[in-house]
Amino acid sequence: MSEPVIDDAAAGSWRIRPFAVADTEAVVALWRAAGLVVPWNDPYLDIARKLTVQPELFLVGESDGMPIATAMIGYDGHRGWVNYLAVDGSHRGEGLGASLMAEAERLLAELGCPKLNLQVRSTNTGVIAFYRSLGYQVDEVASLGKRLIPDA
């Protein structure tokens with residue numbers, strides 16, 4: 001996987017790289033600050049689970065050695081998925097979220113993935129607008145889920 005480096009005097013410098021275990025605390029803090037952690041998902045367990053399946057598809061945006069963004073990507077042979085896309089509030093608007101999504105799309109296309117899906121809470125209109133600006137459309141489907149292993 002290539003590691004794009006974005007160097008913009010206005011935005012600062014950052015790069016996209018694979019997640020490292022040493023990133024765990026900073027990543028969980030980022031997810032909490034972004035409002036992505038919910039009581040029924042333990043973020044530490046989510047990280048541990050991801051590290052057992054396609055860990056190379058867990059990306060971190062880094063600036064000055066610190067994680068400032070994440071994207072957890074997966075491919076099941078039918079669809080690609082993106083979870084835990086987050087960008088630190090002080091770095092939003094610098095293009096890092098769009099760059100992470102472009103890298104996710106590139107990696108999934110290399111794997112032969114025909115379509116990328118993601119889920120956003122319907123009340124999160126700002127994030128829905130972000131994805132629409134990247135060419136994503138709202139699919140007219142109902143998202144269903146069933147917890148097989150409780151985290152709590």
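Predicted model: local features only at pLDDT ≥ 70, side-chain atom pairs only at ≥ 80, totals over all residues.
Reader: Thanks! And which residue follows α1?
Author: That is Gly35, and its phi is positive, near 75 degrees.

Reader: What's the average pLDDT of the protein?
Author: The average is 90, and 92% of the residues score at least 70.

Reader: Where is the pLDDT below 50?
Author: Over residues 4-10. In the model, that stretch has 11 contacts beyond near neighbours in sequence.

Reader: Back to α3, then. How many residues does it have, and how far does it reach?
Author: α3 has 15 residues, and the distance from its first C-alpha to its last is 21 Å. That is close to the 21 Å expected at 1.5 Å a residue.

Reader: Which residues of α3 are buried?
Author: Leu96, Gly97, Leu100, Met101, Glu103, Ala104, Leu107 and Leu108 are buried. They cover an arc of only 160 degrees around the axis, so they are on the same side of α3.

Reader: And what does the face turned away from the buried side carry?
Author: On that face of α3 are the exposed residues Ala109 and Glu110.

Reader: What is Leu100 in contact with, leaving aside its neighbours within four places in sequence?
Author: Leu100 is in contact with Ile16, Leu59, Ala69, Thr70, Ala71 and Leu85.

Reader: Switching to α1: which of its residues are buried?
Author: In α1, residues 24-33, the buried ones are Thr24, Val27, Val28, Leu30 and Trp31. Seen down the helix axis, they fall within an arc of 160 degrees, so they line one face of α1.

Reader: What do those buried residues pack against?
Author: The buried residues of α1 pack against α2 (43-50), β3 (58-63), β4 and β5.

Reader: Last one: which exposed residues are on the face of α1 turned away from its buried side?
Author: Glu25 and Ala33 are the exposed residues there.

Terms used: Residues numbered from 1 in each chain as written. Heavy atoms only, no water. Contact = heavy atoms within 4.5 Å. pLDDT = per-residue confidence, 0-100. Buried < 20%, exposed > 50% of the residue type's maximum accessible area, 1.4 Å probe, protein only. Helix = DSSP H or I, 4+ residues; strand = E, 2+ residues; numbered from the N terminus. Arc of directions from axis to C-beta. Expected span 1.5 Å × (residues − 1).
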